[in-house]
Structures are given as C-alpha cells and as structure tokens.
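Please open the model in your viewer and keep the sequence beside it. The tour below goes from one selection to the next and says what is found at each stop.

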Amino acid sequence: MKKLAVFALLLFAGTSCSKETAAPAPVTTQASANAKGDDYQCLDVYDPVCANGVTYSNACYAAKAGVTTYTRGACGGGGEI
C-alpha cells in the first residue's frame with residue numbers, strides 16, 4: 001500500500017510539472033510600406049522562401065524586406081539573401 005501511495009504521489013507530481021501554462025500566441029507579420037518591418041527581429045532559422053526571384057532565409061526576412069507574397073522553398077536561380 002505504501003508503494004502505491006508513493007507511486008501515485010510521483011505520478012501526480014510529474015503530470016503537474018509538465019503542464020503548459022499558456023499556449024504561445026500565433027506569430028503574424030505585417031509589412032508596412034514605410035517601415036518595412038524595422039521594428040522587430042527575425043530568428044536565424046533557415047526555412048527558405050522565394051519572392052520575385054530572390055531567396056530569403058525565412059518568411060520573417062522576406063516580410064522585413066517588404067515582401068507580401070512568396071512561395072516556400074528556395075528559388076531556382078540563386079539570388080539568395
């Protein structure tokens with residue numbers, strides 16, 4: 001019986017510690033014609049997107065450059081940023 005109580009206590013402690021307190025808010029990007037996103041920082045994660053024949057390292061950097069429409073993946077002809 002004592003082992004069962006200890007097991008239940010450990011199980012309860014383990015599940016209560018692993019709960020998330022809040023879900024992270026979805027990330028949205030807005031490109032302004034004037035600021036072009038100079039007010040936020042981008043992570044250096046390589047997840048390439050292609051816009052106007054230029055490959056950006058990720059969608060954040062594309063948005064900072066004023067890009068509003070892109071396709072996932074690198075462009076075929078170089079021009080990488």
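## First stop: a disulfide

Select C42 and C60, which form a disulfide with their sulfur atoms 1.9 Å apart, where a disulfide is a pair of cysteine sulfur atoms within 2.5 Å. C42 lies in the loop between α1 and β1 and C60 in helix α2, so the link ties together parts that are 18 residues apart in sequence. The torsion about the S-S bond of C42 and C60 is about -80°, so this disulfide is left-handed. C42 is buried, with a relative accessible area of 13%, and C60 counts as buried at 18%; buried means under 20% relative accessible area, exposed over 50%, and partly exposed in between, with a 1.4 Å probe and protein chains only.

Before going further, note that this is a predicted model, in which local features need pLDDT of at least 70 and side-chain atom pairs count only at pLDDT 80 or more, while totals for chains, interfaces and linings use all residues. Residues are numbered from 1 along each chain as its sequence is written, and side-chain values use heavy atoms, with hydrogens and water left out.

Now select C50 and C75, which a disulfide joins with an S to S distance of 1.9 Å. C50 lies in strand β1 and C75 in the segment after β3, so the pair ties together parts that are 25 residues apart in sequence. With 105° about the S-S bond, the link of C50 and C75 is right-handed. C50 counts as buried at 16% relative accessibility, and C75 is buried at 13%.

## The strands and helices

Switch to a cartoon view and follow the protein chain, which has two helices and three strands in the pattern α-β-β-α-β; helices (H or I, at least four residues) and strands (E, at least two) are DSSP runs, numbered from the N terminus. The three strands form an open antiparallel sheet in the order β2-β1-β3, where two strands pair if DSSP finds at least two bridges between them. β2 (54-56) and β3 (71-72) stand at the edges with a single partner strand each, so one side of each is left without a neighbour in the sheet. Three bridges join β1 to β2, and A51 stands opposite V54 in β2.

N58 lies in the loop between β2 and α2 (59-64) and counts as buried at 8% relative accessibility, while its side chain reaches the backbone nitrogen of C60 at 3.0 Å.

Next select D47, found in the loop between α1 (2-17) and β1 (49-51) and partly exposed at 38% relative accessibility. Leaving aside neighbours within four places in sequence, D47 is in contact with S57, N58, A59 and R72.

## Last stop: where to be careful

Finally, colour the model by pLDDT, the predictor's confidence in each residue from 0 to 100. The protein chain averages a pLDDT of 73, and 47% of the residues score at least 70. Select residues 27-35, where pLDDT stays under 50 and the model has five contacts beyond four places in sequence. Where pLDDT is low, the predicted coordinates should not be read in detail.

Definitions and conventions. Contact = heavy atoms within 4.5 Å. Polar contact = N/O pair within 3.5 Å; in protein donor to acceptor, adjacent residues only side chain to side chain.
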